[in-house]
Amino acid sequence: MSYREGDPIADTRAPAGPLETRWERRRFAARLVNPANRRKLTVVVVGTGLAGGSAAATLGELGYNVLSFCYQDSPRRAHSIAAQGGINAAKNYAGDGDSVHRLFHDTIKGGDFRSRESNVHRLAEVSTSIIDQCVAQGVPFAREYGGLLDTRSFGGAQVSRTFYARGQTGQQLLLGAYQALARQIHAGTVRSHPRTEMLDLVVADGRARGVVVRDLVTGEISTHLADAVVLATGGYGNVFHLSTNAKGCNTTAIWRAHKRGALFANPCYTQIHPTCIPVSGDHQSKLTLMSESLRNDGRVWVPVQAGDDRPPNRIPEDERDYYLERMYPSFGNLVPRDIASRAAKAVCDAGRGVGPGGLGVYLDFADAIERLGRASVAARYGNLFEMYQRITDEDPYQVPMRIYPAVHYTMGGLWVDYDLRATIPGLFVIGEANFSDHGANRLGASALMQGLADGYFVLPAVIGDYLADGPFGPVGADAVSEAESAVRDLVTTLLSIDGDRTPESFHRELGRLMWDLCGMERSEEGLHKALDRIPSLREEFWRRVKVTGSGAELNQALEKAGRVADFLELAELMCVDALHRTESCGGHFRVESQTADGDARRDDDHFAYVAAWEFTGVGEPPVLHHEHLRFEAVRPTVRSYK
Amino acid sequence: MKYTLRVWRQTGPTATGSLVEYEVDDVTPDMSFLEMLDVLNERLQLAGDAPVAFDHDCREGICGACGVMIDGVAHGPGKATTTCQLHMRQFDPARPIVIEPWRAAPFPVVRDLVVDRSALDRVIEAGGYISTRTGAAPDAHALPVAKPDADTAFEAAACIGCGACVAACPNGSSMLFTAAKTTHLGALPQGQPERFTRARTMVETQDDLGFGGCTLTGECTAVCPKGIPLSTIARLNHDVLTAAMRGD
Ligand SMILES: Cc1cc2nc3c(=O)[nH]c(=O)nc-3n(C[C@H](O)[C@H](O)[C@H](O)COP(=O)(O)OP(=O)(O)OC[C@H]3O[C@@H](n4cnc5c(N)ncnc54)[C@H](O)[C@@H]3O)c2cc1C
Ligand code: SF4
Ligand code: FES
């Protein structure tokens, strides 16, 4: 499938002038809504992760009438709960030279110069308030003996700016947001609708005016109208079927908003995490992340000889290839995520992978145990070793771990301007669901920061500027009935096909295809192949899918089928985007665009832009709108980790 | 390997349910318990039958969505483990596995193994938070927290809200869940101003919702996947008493 060129995006609503004061000036210029008028304004917030939970709670505190939705049985279970490592903030508590400017700079560079300076600077500024806010809520961050907060360095950062709560940072931050939300639910400013899935966006007179949802328990389809709609529905990594995301993570909310007119930006930017537990068989339902911190002491290697199937302990030193140390002598095992992932794939593709199917590399702690002693290694990584052993039945103190890269995060998402507005007026998108701050690659511990920045501080400060024109009056019955019947038709169709394949089997097939052809490495040939196969898989889905039961009950197969249907459409746009971007940057590696040493070659002359795609119909060529990126504060340079 | 399952099937909240026997082939020791159920569900769907409904999301022991009774034990065999963290190598193929939903009056069955645990959200809404407004916080270092207090808070904050404690309790009490939250917040200096009223309102709310009274049988902590200790309940009882004495 090809695409068409559209007009460039003219306005991102970012104030001009000095970078350091843009946010302050924007906040000051944003109109306010009189407190007495706020309760007359309804805001729908879909999603209760860090972004949606914090936004709904804060908008409730401000006095808006908030409706909150999630598909889990409780807002506390959103996927953010699973984040392990930590959250960045430019507090400089470690006194090691961190600053807002440094965090800004690292994030722009980490994003491989494909993000917007204004947004990233604001993110770095706001980061410090997040920590204050969370501590006030009682988030139990790790502390030193003196009672002050502890920080660590994460993902190759040169400063210690990552705050953490053992290996459960996401859980503790989410519980903080959930508790703030619970307080507002109790106060009556927020109404919570768990086990409710958004299936369409209501657009009337050019504005986003509500959502069509399905009650997952009764199957009832209904519409909730509002003056503004906020999507905080997370990332779409599950388009690959296997990923570190929770099983229910999906693209439905943002994809259906895209089909209603919201532009989708940089869909091909996906992050692959190098240290996950390898797939153990066809039954595999998800992948488990092992913390990146393991690479601080573990050494990555594979046998020198392809097909060497001796147990690792019997492979002598000189027949092992510590390939990261060999290829990147100065960073060694600590090279960034994308480089470590690609190197693992390369050695496995060369037949040197280990474990079932040859899709794994060793992460060996033998040297660390000898150097530090078993007790110190246990103190650092004991819980991770235990988790590994529980899943694989192998003892990492005795046998090296086996790891393999897995899909982890999606940098792409709905396009938003500086005020987090999508291209449909009244539609706001926050957290992983938008594309805004991470460019082509996200730094470790920065997703939690972005989700909470958007939800606690940015959205509440700018949404008033839009709502100041409201309430927007009644919504025409046509817009509602059109959206509702579209949803009903979809449900009816899915239930009536009565084919011979489960939704799961299509998801698995799509995932494999995407992983092979639009995963860690993308080539023109492979992407053409994918673009050939996706439409026929989609056609087969609508012919052969089997969904049992009815629409008027709890029906998990039906939920799954709807999500897979959307993944089958999104996958095609991801491949179109990946094919058109003939450079390599961040999480997007095109085999045609590499240096003689196999490193990524970015092409700033042709690709220093955000690719924002407009939907024109399923299987129809989308329209590409460019948002040109300008770098005033940081000059694009080439990353080098040699 | 081949396993025999006896699974609770119930089509809706008011329907009567029963145990139905299934055989599942091609199970490998590396499969997780939920992946084994996935295999069963694929087969049921292809045969035109309704798959077994069960709650799950993260599948790594942190979201608290999963949870069933396996052979009468909440979250099944294995210490400090959620249902999703079990692997088939822990089960003997020679013995049938009985799988049932949580059973407690405030947790009505929704379908098959899925129950409605929203009563736990109501308990938190009654006071399981520190009342602070976004943007009003002082610098995080303005308030040091002694390490032992921080550790106590953290240990209790690890609760994932799965409800296993309620399911395991002969009285259907949610005391361990509630105590985990009051201990988390009550151990921190930030949580002091509301400490006693919080304890009182949360306990009153759980009573109103129909959770049973706590007689310290300890069944809860034995199945708790996060090892929330019984000492949190002692702390909660102390706080409730103090609230009564102070008239909070
Ligand atoms: C294993 C793992 C570890 C991670 N560790 C870290 C880390 O250490 N540091 C870091 O910064 N980042 C980390 N990340 C990334 C980070 O956790 C996520 O990017 C972030 O939590 C996303 O938050 P969110 O609020 O945008 O969305 P989510 O938390 O994904 O929430 C999405 C919400 O939307 C709801 N929803 C979705 N679709 C619908 C629909 N159609 N209808 C109704 N509701 C819907 C869901 O119910 C949910 O409430 C990690 C990610 C993974 C997978
Ligand atoms: S106390 Fe333990 S068993 Fe009870 S809800 Fe919390 S984690 Fe689950
Ligand atoms: S599925 Fe999340 S804890 Fe089991």
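Chain B and chain A meet through 70 residues of chain B and 75 residues of chain A. The model is predicted. Together the two chains bury about 6100 Å². Of that area, 52% lies on carbon and sulfur atoms.

Polar links also cross this contact. Between chain B and chain A there are 45 residue pairs in polar contact, counting pairs with both residues at pLDDT 80 or more. The salt bridges between the two chains number 6. One of them joins Glu60(B) to Lys286(A), with N and O 2.8 Å apart. In general, side chains of opposite charge can pair when their charged atoms come close.

Turn next to the sheets of chain A. One is an open sheet of 3 strands, in the order S8-S9-S10, with antiparallel pairing. Strands S8 (196-204) and S10 (221-225) of chain A have a single partner strand each, so one side of each is left without a neighbour in the sheet. From one strand to the next, the twist averages 30 degrees. Strand S9 (residues 207-215) of chain A is joined to S10(A) by 5 bridges, and the two run antiparallel.

A second open sheet of chain A has 5 strands and mixed pairing. Its order is S1-S21-S20-S12-S18. Strand S1 (4-5) and strand S18 (413-414) of chain A are the edge strands, and each pairs on one side only. Inside the sheet, 6 bridges join strand S20 (residues 609-614) of chain A to strand S21 (residues 623-628) of chain A. These two strands run antiparallel. Ala611(A) has His626(A) in S21(A) as its bridge partner.

A helix packs on this sheet. It is H16 (residues 556-580) of chain A, and it touches strand S12 (264-265), S20 and S21 of chain A. The direction of H16(A) makes about 145 degrees with that of S20(A).

Salt bridges occur within chain A too. Arg13(A) forms one with Asp417(A), and the closest N and O atoms are 2.9 Å apart. This pair links distant parts of the chain, 404 residues apart. Arg13(A) sits in the loop between S1 and helix H1 (22-29) of chain A. Asp417(A) sits in the loop between S18 and strand S19 (427-429) of chain A. Over all chains, the structure holds 72 salt bridges.

Two details of the backbone remain. Most residues other than glycine have a negative phi, and most peptide bonds are trans. Leu420(A) is not a glycine, yet its phi is positive, at about 65 degrees. Leu420(A) lies in the loop between S18 and S19 of chain A. That loop also holds Asp417(A), the partner of Arg13(A). The other detail is a cis peptide bond between Gly470(A) and Pro471(A), with omega about -10 degrees. Pro471(A) is found in the loop between helix H12 (447-467) and helix H13 (477-496) of chain A.

Notes:
Residues numbered from 1 in each chain as written. Chains lettered and ligands numbered in written order. Heavy atoms only, no water. Contact = heavy atoms within 4.5 Å. Buried area = accessible area lost by both parts, 1.4 Å probe. Salt bridge = Lys/Arg side-chain N within 4 Å of Asp/Glu carboxyl O. Polar contact = N/O pair within 3.5 Å; in protein donor to acceptor, adjacent residues only side chain to side chain. Pairing = 2+ DSSP bridges. Helix = DSSP H or I, 4+ residues; strand = E, 2+ residues; numbered from the N terminus. Axes fitted to C-alpha atoms, helices over the stretch in contact; angles between N-to-C directions.
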